[in-house]
Amino acid sequence: MADGLCEGWTGSSVVLYDHLFVIPKHEEMKLKVYYSEADTWDTVEGNPMPEQILKPFSVNACDSNIFVVGKNLHVAVGKVEKQPSASESERKGLHTFSVKWQVVPAPKSF
């Protein structure tokens, strides 16, 4: 395992667009993405994890969406979009993705 990969892996993860995304285990943190070609992590542009999703415990992905189940069984759906990329020397492997979160409240019966 690459050194940079080890150091930044601090939560649950999914793979989208052939990149590893990590959902932070602490509230109010942003989604992270790993760039294997540079062996570095970066935060994904967009809003942080919604406050209703405290200590996420289940994560899955489908198409370009990330589904995160948190405390009280609220679900956050993150729409991840790949941004147009410039040449490698211009973008330096940073901020190639953005995310917008939407919260689906748990049913009251839960």
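**Rings, cores and strands**

Mentor: Let's start with the rings: Tyr-17, Phe-21 and Phe-97 form one aromatic cluster. Bear in mind that this is a predicted model, where local features need pLDDT of at least 70, side-chain atom pairs count only at pLDDT 80 or more, and totals for chains, interfaces and linings use all residues. Residues are numbered from 1 along each chain as its sequence is written, and side-chain values use heavy atoms, with hydrogens and water left out.

Trainee: Why is the pair of Phe-21 and Phe-97 called what it is?

Mentor: Their ring centres are 5.1 Å apart and their planes stand at 80 degrees, so the pair is edge-to-face. Phe-21 lies in strand β2 and Phe-97 in strand β9, so the pair ties together parts that are 76 residues apart in sequence. Strands here are DSSP runs of E, at least two residues long, and helices are runs of H or I, at least four, numbered from the N terminus.

Trainee: What about Tyr-34 and Trp-41, what kind of pair are they?

Mentor: They are tilted, with 5.1 Å from centre to centre and 50 degrees between the planes.

Trainee: How do you know whether Tyr-34 is buried or exposed?

Mentor: Buried means under 20% relative accessible area, exposed over 50%, and partly exposed in between (1.4 Å probe, protein chains only). Tyr-34 has 8%, so buried is the word. Trp-41 comes to 17%, so Trp-41 counts as buried too.

Trainee: Which residue would be called exposed, then?

Mentor: Take Pro-84, in the loop between β8 (75-82) and α2 (88-91). Its relative accessibility is 78%, so Pro-84 counts as exposed.

Trainee: Why is β2 described as largely enclosed?

Mentor: 6 of the 6 residues of β2 are buried, so the rest of the structure largely encloses it. Both faces are covered: His-19, Phe-21 and Ile-23 are buried on one side, and Leu-20, Val-22 and Pro-24 on the other.

Trainee: What makes something a nonpolar core, and how many residues has the largest one?

Mentor: A nonpolar core is a set of buried Ala, Val, Leu, Ile, Met, Phe, Trp, Tyr and Cys residues joined through side-chain atoms within 4.5 Å. The largest has 18 residues, and among those with the most contacts inside it are Phe-21, Ile-23 and Trp-101. β1 (11-16), β2 (19-24), β3 (32-35), β7, β8 and β9 (97-104) each supply at least two of its residues, and β9 gives the most, with 3. Apart from it lies another core of 5 residues, including Leu-5, Leu-20, Val-22 and Trp-41. In soluble globular proteins, nonpolar side chains tend to be buried together.

Trainee: How do you know that β1 and β2 pair, and how many bridges join them?

Mentor: Two strands pair if DSSP finds at least two bridges between them. β1 and β2 have 6 and run antiparallel; β2 and β3 are antiparallel as well, over 3 bridges, and 4 bridges join antiparallel β3 and β4. Those strands make an open sheet of 4, in the order β1-β2-β3-β4.

Trainee: Why are β1 and β4 said to stand at the edges?

Mentor: Each has a single partner strand, so one side of each is left without a neighbour in the sheet.

Terms used: Phe/Tyr/Trp six-rings, centres within 6.5 Å; stacked < 30°, edge-to-face > 60°.
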